[in-house]
Amino acid sequence: MSARDQILARVATSLRRGWGAGGGHAHRTPPRATPEKPAALPLRDRFTSELEALGGRVHAARSDAEAIQAVTGICAERRAPCVLAWYEEHVGLPGLRHALFDRKIGYDTGWLPDGEPARSERLQSLGRIAVGVTGVAAAIADSGTIAVVSGPGRPRLASLLPPVHVAVLREDRLYASLPALLAAHPGLAEQGSNLVLITGPSRTADIEMTLTRGVHGPGEVHVVLLP
Amino acid sequence: MSGPHEDRMSVPQPLSFHRRAADALSTPDLPQKIERATARLVAARHASFAAFPEGEALRDEARAIRARVVGHLDQHLIRFEAELQKRGGHLHWAATDDDARRIVVGIARAHEVRNVVKGKSMVSEEIELNGALEAAGVHVVETDLGEYVAQLAGEPPSHIVGPIIHKSREDVAAVFREKLDAAEEDVSDAARMTALARRTLRAEFLRADMGISGTNFGVAENGSICLVTNEGNGRLTTSLPRVHVALLGLERIVPTVADLAIMLRLLARSATGQKLTVYSNLLSGPRRRHPSGSEAASEPDGPDEVHVVLVDNGRSELLGTELAEILYCIRCGACLNTCPVFQNVGGHAYGSVYSGPVGAVLTPALRGLDGFADLPHASSLCGACREICPVRIDIPRMLLALRAKGARRSDTPAWVRQGLRMYAWLARRPRLFAVAARAARVATRMGARDGWRRSLPGPLAGWTDHRDFPVFAPRSFQRLWRERERRKP
Amino acid sequence: MRIQLLATCLVDHLFPRVGLAAASVLERFGVEVTVPAGQTCCGQPALNAGFTDEARSMARHTVDVLTADDAPVVVPSGSCADMIVHHTPGLLAGDPSYASRARALAARTHEFAQFLVDVLKRPDCGACLAGSAVYHPSCHGLRALGVDRQPRELLAHVGELDLRPLRDAETCCGFGGLFAVKMSGVSGAMLERKIACIEESGAGTVVATDMSCLMHIAGGLHRRGSRVEVRHLAEVLAVMEDERGSGRLKAASTKTE
């Protein structure tokens with residue numbers, strides 16, 4: 001009998017015993033205070049306040065040109081010679097690549113080759129890039145969350161490896177809550193091998209409960225918000 | 001960073017919770033360190049739920065989801081397997097911890113793995129995986145900051161969510177100084193120590209051949225696994241190396257992505273008071289390549305192989321029993337944070353990977369009562385755990401069930417057993433009960449001052465080690481009442 | 001209205017004043033208080049130690065004692081009330097001659113504060129006690145029975161009483177039955193924290209609904225030579241006139257009312 005058959009057989013046998021799911025009825029202590037409903041704000045304002053409370057930055061842009069300027073500005077501030085980015089059509093900012101090129105900033109779309117030492121060397125060089133640029137599949141206002149999905153031309157590492165992550169979000173992809181997002185995009189998880197909900201910069205409080213940002217993932221998250 | 005690996009779990013443990021707790025209570029500053037962490041986490045949890053009107057209803061829904069899965073686990077496992085395989089992942093079934101270790105080492109060998117990075121995984125601690133990998137010549141690095149420090153220090157983690165709450169900043173600096181040869185300026189504060197760890201571990205991430213992670217939830221409807229972290233080590237572990245191995249406890253399945261969303265919202269709020277963990281990472285199989293190999297049509301990165309190792313290790317035995325409810329647990333750690341026993345002694349006192357209220361049930365449930373018979377008694381049954389649990393698990397009920405099991409096995413000390421039998425015998429005989437009470441009064445008055453005794457004999461001395469014991473009343477309430485009634489006209 | 005008072009073993013043999021106080025408060029509202037003969041112990045200590053057979057036999061005895069009469073039962077203890085309301089029916093579910101009686105008994109058993117406020121609808125007992133106090137919510141009453149609002153309402157109506165907030169009020173005091181002896185180190189540590197919070201409040205009295213907690217807290221306070229008094233809620237509510245400095249909870253009190 002394979003391990004699979006053994007385990008499944010044991011599960012089936014066990015479940016036939018009296019207790020089924022094993023729970024008694026839950027002994028309820030009624031909550032002592034009635035939870036308050038958070039104030040209703042327009043989605044973009046809610047998103048902005050949630051993300052900024054976590055240490056992220058939201059750059060409101062009225063046009064593609066302003067958005068491109070925000071991105072190039074961040075790169076210039078960090079003197080980044082190159083970005084690790086999604087294909088421009090997935091970032092959703094036509095002309096971005098060209099604008100970066102004009103400022104002598106390279107645009108690496110993160111393809112990982114197979115075989116060693118090519119793969120390892122490539123990873124080392126990707127690891128030196130200071131700014132990652134991505135689009136956003138959808139976002140959540142009540143927690144300041146952006147959802148990114150991997151796919152062709154959409155490397156996972158762009159929102160992960162560099163210390164700075166810039167994400168371009170259009171307001172029509174902004175939803176009030178996670179359930180609302182999933183209801184609107186039921187197939188989101190199917191679009192790629194990796195769906196990540198990113199809620200602010202990387203952080204830890206492991207050392208004496210002291211909050212530190214920028215542990216393994218990006219310490220800076222910038223969302224460029226377009227109408 | 002390399003050095004001889006120490007199998008943390010083989011560090012000899014004193015035999016009982018009682019003794020380990022006594023050690024913890026007499027360790028200078030330990031209770032304060034633990035309280036600093038737990039008090040903050042509990043306060044954050046409560047603040048978070050106070051601003052979350054749908055919270056109570058969501059807890060009910062989440063409990064129902066877990067109950068449904070646990071009650072029909074085989075169906076969900078079969079679906080999970082099929083969907084994972086459809087998307088190019090491999091599923092391995094491990095009946096025991098030994099099987100699980102063999103499987104993971106086997107995968108490492110097959111891929112000639114030399115360096116492994118690990119994301120947080122309680123199951124990997126449970127099956128004592130690191131030692132097996134090191135013995136096979138594989139270098140393993142923990143990447144969660146707290147787990148990394150614990151690994152360097154040669155200690156097991158002491159809390160599900162905060163592995164080093166038992167260490168102060170200075171303790172961590174000492175570890176970095178000793179094991180990483182860190183310069184003074186690099187350990188001068190938490191931010192710098194974190195930066196040092198980030199640099200050191202980034203190098204490890206970039207050279208790792210295999211990433212091993214735990215799994216917060218497997219999703220049956222699309223064979224995906226979800227791993228949440230605040231640091232991002234979970235993402236790096238599962239996206240950088242060519243091979244990803246995920247350990248998944250048999251019961252950690254939810255049916256759909258929508259169900260997952262409910263669990264994630266409750267998990268973050270219960271664990272740390274956050275609305276969502278920084279990275280909720282859902283992985284469905286390996287890097288997707290177009291058959292043509294075209295770059296434009298293939299994912300640019302991600303692991304080439306994904307292996308999920310389903311670990312039973314005693315879980316299937318719990319199904320259908322009065323202990324099955326402990327399998328609902330989503331490992332948020334809230335019960336640890338709110339438990340006054342845990343707050344005073346910390347996680348190491350439980351002598352097992354799973355500590356706190358959940359551990360007091362889960363460890364004897366999975367491992368049997370041998371060696372863990374006192375864990376179910378390490379509780380005053382206050383119920384704070386049940387009150388805070390996001391899926392409303394009735395831990396006190398199961399602690400009582402385990403105590404009953406232990407009593408039948410004669411784990412109870414003789415004086416308790418005989419004393420209670422005698423007490424129960426007397427309680428059915430009210431006149432004799434009253435006689436025994438009068439005898440007890442005489443006994444308590446001996447050596448009493450001011451209505452109190454400063455010491456009690458024999459096994460009862462535990463009481464008077466910490467407080468005085470009152471003398472019995474000269475006349476019982478029932479006797480006083482009878483006299484009162486007789487005096488009535 | 002007639003009720004049956006279940007004193008509980010601790011009150012019966014260590015703190016009879018509490019039983020007398022509870023009866024006097026109930027009689028103030030015209031309730032006829034009866035004390036069924038033969039009551040000993042509800043069985044909770046045996047249940048908590050894992051001795052379910054012994055717990056069951058004690059539960060049967062308790063059911064016998066309390067079902068000779070069908071009047072409601074009032075218990076000045078959250079943990080004992082919980083035993084009868086939540087655990088006894090389950091323990092006796094498999095015994096045909098006790099199962100339905102246990103369920104019926106559970107339905108008419110009330111913790112003392114719960115009975116005064118929710119059944120008698122008398123949150124104001126006309127009590128008066130000068131001084132400051134903190135209220136410690138005993139865990140079984142609080143979480144198993146949902147008793148919290150009621151004692152606080154009753155205390156809020158006690159004239160001249162300065163009721164202060166207690167930090168970490170809902171954290172267990174560390175009694176836990178045999179836990180206090182078997183895990184005495186941890187129990188002692190929990191007690192120290194509770195006492196520290198009590199002392200921090202500056203209150204002169206700590207009030208609770210369970211003598212188990214209070215016996216443990218009083219023992220700790222006495223060990224430290226503390227001046228803080230320990231009172232069961234019933235004792236506070238029984239005091240009609242201004243009473244100052246009535247002295248510490250004396251287990252071996254010779255006073256009767």
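In strand β7 of chain B, B:V243 is the bridge partner of B:M210, and this pair belongs to the four bridges through which strand β4 (residues 210-213) of chain B and β7(B) pair in the parallel sense. Strands here are DSSP runs of E of at least two residues, helices are runs of H or I of at least four residues, and both are numbered from the N terminus; two strands pair if DSSP finds at least two bridges between them. The model is a predicted one, in which local features need pLDDT of at least 70 and side-chain atom pairs count only at pLDDT 80 or more, while totals for chains, interfaces and linings use all residues. Residues are numbered from 1 along each chain as its sequence is written, and chains are lettered from A and ligands numbered from 1 in the order in which they are written.

β7(B) is also joined to strand β10 (residues 305-311) of chain B, by seven bridges in a parallel run, and in β10(B) the partner of B:G249 is B:V311. Because seven of the seven residues of β7(B) (residues 243-249) are buried, this strand is largely enclosed by the rest of the structure. A residue counts as buried if 20 or more other C-beta atoms, placed from the backbone, lie within 10 Å of its own. Both faces of β7(B) are covered, with B:V243, B:V245, B:L247 and B:G249 buried on one side and B:H244, B:A246 and B:L248 buried on the other.

Another sheet involves chains A and B: eight strands form an open sheet of mixed pairing, in the order β8(A)-β5(A)-β6(A)-β9(A)-β9(B)-β6(B)-β5(B)-β8(B). At its edges stand β8 (174-175) of chain A and β8 (253-254) of chain B, each with a single partner strand, so one side of each is left without a neighbour in the sheet. Within chain A, β5 (residues 138-140) and β6 (residues 145-149) run antiparallel and are joined by three bridges, with A:I140 standing opposite A:T145.

Chain B also meets chain C, where 59 residues of chain C are in contact with 55 residues of chain B, contact being defined as C-beta atoms, placed from the backbone, within 7 Å. On the side of chain C that touches chain B, α11(C) gives the most, with eight residues.

For chain B, the domain assignment, which is automatic or comes from a database, gives domain 1 (8-317) and domain 2 (414-487), and the C-alpha centres of these two domains lie 52 Å apart.

Note on methods:
Contact = placed C-beta atoms within 7 Å. Buried ≥ 20, exposed ≤ 12 C-beta atoms within 10 Å, placed from the backbone.
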